[in-house]
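Biologist: I'd like to learn how to read a model like this one, feature by feature. Could you take me through it?

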Amino acid sequence: MVPPPAFKPVSACFGSGPCKKPPGFNEFRDKYEILGRSHRAKPCKALINKCMEDTLRILGCPEGYKAGILPGSDTGAVEMILWSILGDRPVDVFHWETFGSTWAKDLQTLNVKHNSYKAEYGQLPDFSNAKSENDILFPWNGTTSGVRVPNGDWIPADREGVTICDATSAVFSMEMPWEKLDITTFSWQKALGGEAGHGVVILSPKGLQRIRDTQPRPLPKCLSLAGKTIDEICAGNVINTVSMMCVADYAYCLEWVSEAGGLTETVARTNRSFQAIADFVDNNDWLSFLCSEPAFRSTTSVCLKYGGTAEKLYSILSKLEKDHIAYDIKHYRDAPVGIRIWCGATVEADDVSKLLQCLKCLHEEGDTATLVKPNSPNFGSGPCAKPPTFNWYYDAQKVLGRSHRASICKNLINSTMEDTLRILGCPEGYKAGILPGSDTGAVEMILWSILGDRPVDVFHWETFGSTWAKDLQTLNVKHNSYKAEYGQLPDFSNAKSENDILFPWNGTTSGVRVPNGDWIPADREGVTICDATSAVFSMEMPWEKLDITTFSWQKALGGEAAHGVVILSPKGLERLRSASISDRPLPKILKLNGKVIDEVCAGNVINTISMMCVEDYSNCLRWVKSIGGVSSTIARTNANFAVVKKFTDSVEWLSMLSEVPENCSTTSVCLKSTLSADQLASLFAILSQNQVAYDIASYRAAPSGIRIWCGASVDTQDVCMLMDWLEYAHSEVTK
């Protein structure tokens, strides 16, 4: 009989994504104990579901309404809805600012029959045009125009179609007529000051049924909502990996709302801040509302016209930022020149009053040195100020609550991309940028943006590689599919230099990796597209053979999910710039060709990202540099793998899923077992209950077995202790 080992691993996080945080991580107060855990683990799903239940309860949604998390912030959520369900009936679309007009453009791209009712900035369209037999699409609050819908009286109660409402800068700060809203989206980075990168959809029973019944059009996996998928999402099974740090941050925000007094108080806080501005405008004729109709004025994203010159205004705004009085209150880039002050529930009304006094002083060319400054200078309209009780994360670089377009945030984004390229040893001329939707979003953005000009040789041997092969079928792109079963590799000699080549470097769900890049033609005419999400920072990569490489920093470095990274060779960059797939309809969030890719590589992300996640990745990179760079992270990975290999060689009940040693993954180590499924379940239970190892069951679509993450953030001593516990657990389930 084998006794239980005397020691346990310091960290029980051996899951293959999200992965263990780096040694020394202490920036976030993880009271829910979910960081480094799989988003499919029970505590993570429980927290996701609790957040959604609390959201519905706090907002006062009627019984039967459901909520779920979607990728890509509010933009992703809206476009997932539009592209998944519209087309069965005409759409009445009402828009009066930047984002509403983006959704109207989506309808044009989709070639959906629709009626477009547009108003200029500061105004509202005529809602009496809404027809009960049509679907109705509109934003509740115009974030870039400062104009909101005053009420839902115009929405037909007996409507046959569904209402689709973008409410991202309205929920938690304005009363919402939920009985009139069938499909409502938002991102918690607005009214509650949560982190970006994730969207939320709230569905009435009618909205839920509409999604279930819709015949899906061809879409990327990360955008497909139709059928059973929506029921899975509303049960906490997200489409792709979410940042559990961002989910926990949102949970903290919801706790603050409950403790503050619920929705009544958050609406009241918003109204108090707005009233401070309204009173000030009444007494200062050099400021006025962009919206002339009081009933239509937004109480969150308050947009103001300035009576002086644009030059003087920009000088004032620069001074306010330099003196740490107010950040990010310049008008939105597409909106009329003016001031935009966020007055959502996380902002203190007293701070708004102090900002206005400083603004007046600078307008009158006075000196603000004698004035009392706001306690928080975060008045930007997204990402927004953190809640007043915020104390659960150490924001060393002071980027939280700031616009992702602010200089300090763009500098951090660019420095992380530059560090990524330098640490990985990418050749000169390579570029990198952040994309939404984790690695899945990054890969599918590439595939849907550029493929089709030439045939594609796709090599796949596990779950995600096969997903990319399905994308090619959906796209109807001419391709050659070379597939191998779990534990094996396809024949790479089939790669043709005149074709594009698509493959994962490491099979995260199969434990099989590409041993080298010798098979990739050096004189290739096409580009190589490599999903390297569980390989970078842990394996040697032949960058001169890789033109377009994607990954998510939540793998090898234990960063947070929901964001992807693309690394581009000069050839890959030029291919994206010149891609001529003009006849392929794509949502805004997936468009990467043309000038968009140059913007992404300059730190101008496609849509709002979580600066907490970026800062967390920056900390991960700092750790890599502190231990000696990529050679050290590879060495740590190899040492971890060697421990597992030595153990499997010494026992008869475990062996590598890959029978070819040089093909074995050193990160996502997949093992075959002679144990039955019930015995494996019991073994996992022993390890989990003793807080020894979490999330080490094989991937749901892979052969039954064990999968141990051995990436660089895992300590070798912990792997050694896990092996001792595996031996003990085996003895327990076989006695």
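Biologist: Let's start with strands β19 and β20: how many bridges join them?

Modeller: Strands of a sheet pair through backbone hydrogen bonds, either parallel or antiparallel. Here β19 (residues 528-531) and β20 (residues 548-551) run parallel and are joined by 3 bridges. To call two strands paired, DSSP has to find at least two bridges between them. The names follow DSSP runs numbered from the N terminus: helices are H or I with at least four residues, strands are E with at least two. As for a residue pair, D531 stands opposite T550 in β20.

Biologist: Before we go on, what kind of model is it?

Modeller: This is a predicted model, with residues numbered from 1 along each chain as its sequence is written. Local features need pLDDT of at least 70 and side-chain atom pairs count only at pLDDT 80 or more, while totals for chains, interfaces and linings use all residues; side-chain values use heavy atoms, with hydrogens and water left out.

Biologist: Good. In which order do the strands of the open sheet with β19 and β20 come?

Modeller: The order is β13-β21-β20-β19-β16-β14-β15, which makes 7 strands in an open sheet with mixed pairing. At the edges you'll find β13 (431-436) and β15 (479-483), each pairing on one side only. On average, neighbouring strands of this sheet are turned by 15° against each other, direction ignored. Axes for such angles are lines fitted to C-alpha atoms, for helices over the stretch in contact, and angles run from 0 to 180 degrees between N-to-C directions.

Biologist: Which strands does α11 lie across?

Modeller: α11 lies across β13, β16 (500-504), β19, β20 and β21 (563-568), and runs at about 155° to β20. Helix α13 (residues 570-578) lies across β13, β16, β20 and β21, at about 110° to β21. Contact, by the way, means heavy atoms within 4.5 Å.

Biologist: What about the sheet with β22, why is one side of that strand left without a neighbour?

Modeller: That open sheet has 3 strands in the order β22-β23-β24, with antiparallel pairing. β22 (654-656) and β24 (706-709) stand at the edges with a single partner strand each, so one side of each has no neighbour in the sheet. From one strand to the next, the twist averages 35°. Between strand β23 (residues 668-673) and β24 there are 4 bridges in the antiparallel sense, and S668 has W709 in β24 as its bridge partner. Helix α16 (residues 630-650) packs on this sheet, touching β22 and β23, and its direction makes about 130° with that of β22.

Biologist: Now β8: are its residues buried or exposed?

Modeller: Start with the cut-offs: buried is under 20% relative accessible area, exposed over 50%, and partly exposed in between, using a 1.4 Å probe and protein chains only. In β8 (residues 183-186), I183 and T185 on one side and T184 and F186 on the other are all buried, so to read it by that rule, both faces are covered. β8 pairs with strand β7 (residues 163-166) in the parallel sense over 3 bridges, where C165 has T184 as its bridge partner.
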